[in-house]
Amino acid sequence: QMNPHFFFNALNTIGGFISKSDSKKAKFYISKFAKLMSVTLENSLDDLVTIEDEMKLVENYLHLEQMRENFEFEISIKEDLKDRLIPSLILQPIVENSIKHGFIDLDFKGRIEVYADKDALGNMIVKILDNGHGNDKSTNSQHTSVSSSLTQERLRLLCNDRAEYRMSFPKEGGTIVELKIPNLN
């Protein structure tokens, strides 16, 4: 489930563009927001979706957030993985945490990378990396740990205890979340 606060912020952003008579940005934002809602509704009907569909949802979400926050992102999927299944709506909360907690008061441009590859055993490896605060105690780590616990539990249930969730904080900063997902096709 997407954070209801995101919807509130999205609607306020649209209202801000309208009040500034910036119809071009308002139309663009509404279009991206509508697409995100459509994909979210479609993906929420199924427990599993293709990694390509999940990444499209994440990309739409990141485009919307990019209009409010100063960061860049990159998304890539290894070509032979595009049809592999992944639990639906599993990646968006992770990238939301990167923005919401990792990028607070950064004095440099934030960056998120999301990519899918596979390991030697054929498991899909999805990594979400950011250059934010990492394990900085000034961020709201309590919320992040609750979100992480819920994501781990959902992965466990939908992948029959065969998935793995790892979070690490490199010394140079940022956060890396790695999901190992067995072939669910």
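Q: In strand E5, which residue is the bridge partner of Lys118?
A: In this predicted model, Lys118 is bridged to Met124 in E5. That pair is one place to start reading the strands.

Q: In which sense do E4 and E5 pair, and over how many bridges?
A: E4 and E5 (residues 124-130) are antiparallel, with 7 bridges. The two strands make a hairpin, and 5 residues lie between them. Look at Gly122 in the turn: its phi is positive, about 90°.

Q: In which sense do E2 and E4 pair?
A: E2 (residues 71-77) and E4 (residues 110-118) pair in the parallel sense, over 7 bridges. For one example, find Ser76 opposite Tyr115 in E4.

Q: What joins E5 to E7?
A: These strands run antiparallel, and 7 bridges join E5 to E7 (residues 175-181). Here Leu129 has Ile176 in E7 as its bridge partner.

Q: In what order do the strands form the sheet?
A: Read across the sheet: E2-E4-E5-E7-E6. The 5 strands form an open sheet with mixed pairing.

Q: Why is one side of E2 and of E6 left without a neighbour in the sheet?
A: E2 and E6 (164-168) stand at the edges, and each has a single partner strand, so one side of each has no neighbour there. Across this sheet, neighbouring strands are turned by 10° against each other on average, direction ignored.

Q: Which strands does H3 touch as it packs on the sheet?
A: H3 touches E2, E4 and E5. Its direction makes about 170° with that of E2.

Q: How do I read the helix itself?
A: Start with the general idea: an α-helix has 3.6 residues a turn, so residues three or four places apart point the same way. Now the case. H3 (residues 51-66) has 16 residues and reaches 22 Å from first C-alpha to last, close to the 22 Å expected. Its buried residues include Ile51, Met55, Val58 and Leu62. Glu54, Asn60 and Glu65 are buried too.

Q: What should I look for in a core?
A: In soluble globular proteins, nonpolar side chains tend to be buried together. Here the largest nonpolar core has 45 residues. Leu91, Ile112 and Leu179 have the most contacts inside it. Elements that give two or more residues to this core include H1 (4-19), H2 (23-44) and H4 (92-102). The largest share, 7 residues, comes from H3.

Q: Which residues is Leu179 in contact with, leaving aside its neighbours within four places in sequence?
A: Among them are Ile90, Leu91, Ile94, Met124, Ile125 and Val126. Leu179 also contacts Leu155, Glu164 and Tyr165.

Conventions
Residues numbered from 1 in each chain as written. Predicted model: local features only at pLDDT ≥ 70, side-chain atom pairs only at ≥ 80, totals over all residues. Heavy atoms only, no water. Helix = DSSP H or I, 4+ residues; strand = E, 2+ residues; numbered from the N terminus. Expected span 1.5 Å × (residues − 1). Buried < 20%, exposed > 50% of the residue type's maximum accessible area, 1.4 Å probe, protein only. Pairing = 2+ DSSP bridges. Axes fitted to C-alpha atoms, helices over the stretch in contact; angles between N-to-C directions. Contact = heavy atoms within 4.5 Å. Core = buried A, V, L, I, M, F, W, Y, C linked by side-chain atoms within 4.5 Å.
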